[in-house]
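Dear colleague,

My notes on what was found in it follow directly after.

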Amino acid sequence: MSAPLLEARGVDLHFGGVQAAKDVNLQIFPGEFFFIIGQNGAGKSTFLNICTGYLKPQRGEILFQGRPITGLAPRAITRAGIARAFQHPQLFMQRSVRDNLRFAVAAHGTGFWRPWRALDDPHFDAPARRLLQLCDLERVAAQPAAKVAEGFRKLLDVALALALEPTLLLLDEPTSGVSSADKHGIMTTLAQALRKERVTAVFVEHDMEVVRRFADRVGVWANGQILISGPPEAVLDDPHVREFVL
Amino acid sequence: MTAIAGPLLSATINGVTYGATLFLVAVGLSLIFGVLRVLNVAHGSFYALGAFTAASAWLLISALGWPPLCIYPALVISALVVGVAVGPVVERGLLRWTFGIEAEAARENAQLLATYAIFLMLEDAQKLIWGGQPYYSGSALRLLGITRINGIPYTNYQLLLILVAVLVLIALRILLRGTKMGKFVLAVAEDPEVSSAMGIPVARIYTVAFTVGAILAALGGALASPTIGVNTGIGSEMIVLSFAVVAIAGLGQIEGAAVAALVIGVGHSIAVFFFPALSSVIPYATMLLVLVFKPYGLFAAAQVRRI
């Protein structure tokens, strides 16, 4: 097996008396889709926050591509190659889907070089077009983000994260707020885009049908700990998991 | 021309000239508020520093025996030096510490007090460096000659001020709407959190916007210096007038600031000609009138987008 892309070693984090992460040990391997499941308050999003530098653990460390990233600022972690899509997408709601993407492309990596370059310059527009196509957003490209369906906003958020050219993408409930009828379509588009871009992904997800269909491996979180992890069929059909977690 | 029309034309031209300087200062204040949400009380001091530095440059040019026309690039260089020296120091060294205050009211209070403290310190610094006597560099006013309009002479320098203000307005429009940097500034003004999530370097944009605002204030002071006696106290007068302009326009409105500066400039000038006793009241009476009917300023779109 190849070396892990992301590794958590004995990560502990508590807020006062609440244990948000307790001796979390986990390895994520290149190319896989790892799904984190568990009840609300189990510490799923906390783990993503630790991995992306928004929270610093009191003990343990996170390694990315073999290098420790614990305690680095979120921007430094993003530069290292870890991007994040949020449960509630952070978008410029009054601006078009295309403009949102141009902003993300322009902000990535270019710093302040050529600050006079227009936002619709091909330098920014071409990657934005490619991402629109990749995430099946072309038909809503000209519409303001506020006017498109939640599913498109979720896809746009993923496209924005992909604009950062990440190696690993952490997605917090990418199908929450999306109708059941649209969930699988959105997940299919999303999974295809990630596979095409060769991006490894960690999902936090509540919908077990989605997990069963798209996960390579699943980890079950409870009280800040990983109860069990493994292939989806083995984990989701585990009697203990079915009784106490699902 | 009738007995009224002549003075009215003069008052209007003088008012537009005055409004041009006022616009340069007020638009800087507006830019800073639009992006950083900081009501910068020290802005008047940036204006005064620009004026003092330009007056000193004039003295230096005269002492060195350089061609007098050197004063015009020196005015612009003075503004750049002041803005670049003071802007990043105040923003990074002081204001940045206030951005982390969670409660909005506490943050705004801290920023008001901090910028007021800077204002007081810079006022004293001006007295220490330049003393209490006014500086005059009026010769620069006459170097470009005069133009007669309806038989009344106006210095070409006054007309140049109007041109500079128009060029600054156009440049700001092009920079903000047509370039990546400008779009980033607009994005941060719209929503700093989303901007940060997109990877826009919000902290750097804050520094850039504050520095540009400071340069504009200093440019206003530098360009006004040949037309006034440069003395301590000019900063406090200008900041109050700039607040009036920004309040009339609506906070964060750039084109609105141009219109409001014109209204105040021309109103003030007409009052000087026809009702001298009311001249100092006119700007504030105008502001009061506008705010009674339009509490968010004449260009209320400021509620949606700030610059």
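**Notes on chains A and B**

B:Gln126 has a relative accessibility of 0% and therefore counts as buried. Please bear in mind throughout that this is a predicted model. B:Gln126 belongs to helix 4 of chain B, which covers residues 104–130. If its neighbours within four places in sequence are left aside, B:Gln126 is in contact with B:Ser45, B:Ala48, B:Leu49, B:Phe52, B:Gly131 and B:Thr232.

**Helices of chain B**

Helix 7 of chain B, residues 180–190, is mostly covered, with ten of its eleven residues buried. The buried residues of this helix run through B:Lys180, B:Met181, B:Gly182, B:Lys183, B:Phe184, B:Val185, B:Leu186, B:Ala187, B:Val188 and B:Ala189. Which elements cover them? Both chains contribute: the cover includes helix 3 (97–107) and helix 4 (122–134) of chain A, together with helix 1, helix 6 (156–178), helix 8 (192–198) and helix 9 (202–224) of chain B.

Helix 1 of chain B (residues 5–36) also meets helix 10 of chain B (residues 234–249): their axes come within 9 Å and cross at roughly 75°. Since angles of 65 to 115 degrees count as roughly perpendicular, helix 1 of chain B is therefore roughly perpendicular to helix 10 of chain B. On the side of helix 1 of chain B, the contact is made by B:Tyr18, B:Thr21, B:Leu22, B:Val25, B:Ala26, B:Leu29 and B:Ser30. Helix 10 of chain B contributes B:Met238, B:Ile239, B:Leu241, B:Ser242, B:Phe243, B:Val245 and B:Val246. Sorted by class, this contact of helix 1 with helix 10 of chain B has eleven nonpolar and three polar residues, and no charged ones.

The loop between helix 1 and helix 2 (43–64) of chain B holds B:Arg37. B:Arg37 is not a glycine, yet has a positive phi of about 60°. With a relative accessibility of 22%, B:Arg37 counts as partly exposed.

**The sheet of chain A**

Chain A has an open sheet of six strands in the order 6-7-8-3-9-10, and the pairing is mixed. Strand 6 (82–85) and strand 10 of chain A stand at the edges; each has a single partner strand, so one side of each is left without a neighbour in the sheet. On average, and with direction ignored, neighbouring strands of this sheet are turned by 20° against each other.

Strand 9 of chain A (residues 217–222) is mostly covered, five of its six residues being buried. Strand 9 of chain A runs parallel to strand 3 of chain A (residues 33–37), to which four bridges join it. In this pairing, A:Ile36 has A:Gly219 of strand 9 of chain A as its bridge partner. Strand 9 and strand 10 (residues 225–230) of chain A, by contrast, run antiparallel and are joined by five bridges. There, the bridge partner of A:Val218 is A:Gly230 in strand 10 of chain A.

Strand 9 and strand 10 of chain A form a hairpin with two residues between the strands. A:Asn223 lies in the loop between these two strands of chain A. Although A:Asn223 is not a glycine, its phi is positive, at about 50°. A:Asn223 counts as exposed because its relative accessibility is 59% and the cut-off for exposed is over 50%.

**Two further residues of chain A**

Is A:Asp172 buried or exposed? A:Asp172 is buried, with a relative accessible area of 6%. This residue is found in strand 7 of chain A, residues 168–172. The side chain of A:Asp172 makes a polar contact with the side chain of A:Ser45, at 3.0 Å. Not counting residues up to four places away in sequence, A:Asp172 touches A:Ser45, A:Leu48, A:Arg84, A:Ala85, A:Phe86, A:Gln87 and A:Val204.

A:Arg198 counts as exposed, at 74% relative accessibility. A:Arg198 is found in the loop between helix 6 (180–196) and strand 8 (200–204) of chain A. From C-alpha to C-alpha, A:Arg198 and A:Glu32 are 9.5 Å apart in space, while 166 residues separate them in sequence.

With kind regards

Definitions and conventions
Residues are numbered from 1 along each chain as its sequence is written. Chains are lettered from A and ligands numbered from 1 in the order in which they are written. This is a predicted model: local features need pLDDT of at least 70, side-chain atom pairs count only at pLDDT 80 or more; totals for chains, interfaces and linings use all residues. Side-chain values use heavy atoms; hydrogens and water are left out. Buried means under 20% relative accessible area, exposed over 50%, partly exposed in between (1.4 Å probe, protein chains only). Two strands pair if DSSP finds at least two bridges between them. Axes are lines fitted to C-alpha atoms, for helices over the stretch in contact, and angles run from 0 to 180 degrees between N-to-C directions. Angles under 35 degrees count as roughly parallel, over 145 as roughly antiparallel, 65 to 115 as roughly perpendicular and the rest as oblique. Contact means heavy atoms within 4.5 Å. Ala, Val, Leu, Ile, Met, Phe, Trp, Tyr, Cys and Pro count as nonpolar, Asp, Glu, Lys and Arg as charged, and the others, Gly among them, as polar. A polar contact is a pair of N or O atoms within 3.5 Å; within protein, one must be able to donate a hydrogen and the other to accept it, and residues adjacent in sequence count only if both atoms are side-chain atoms.
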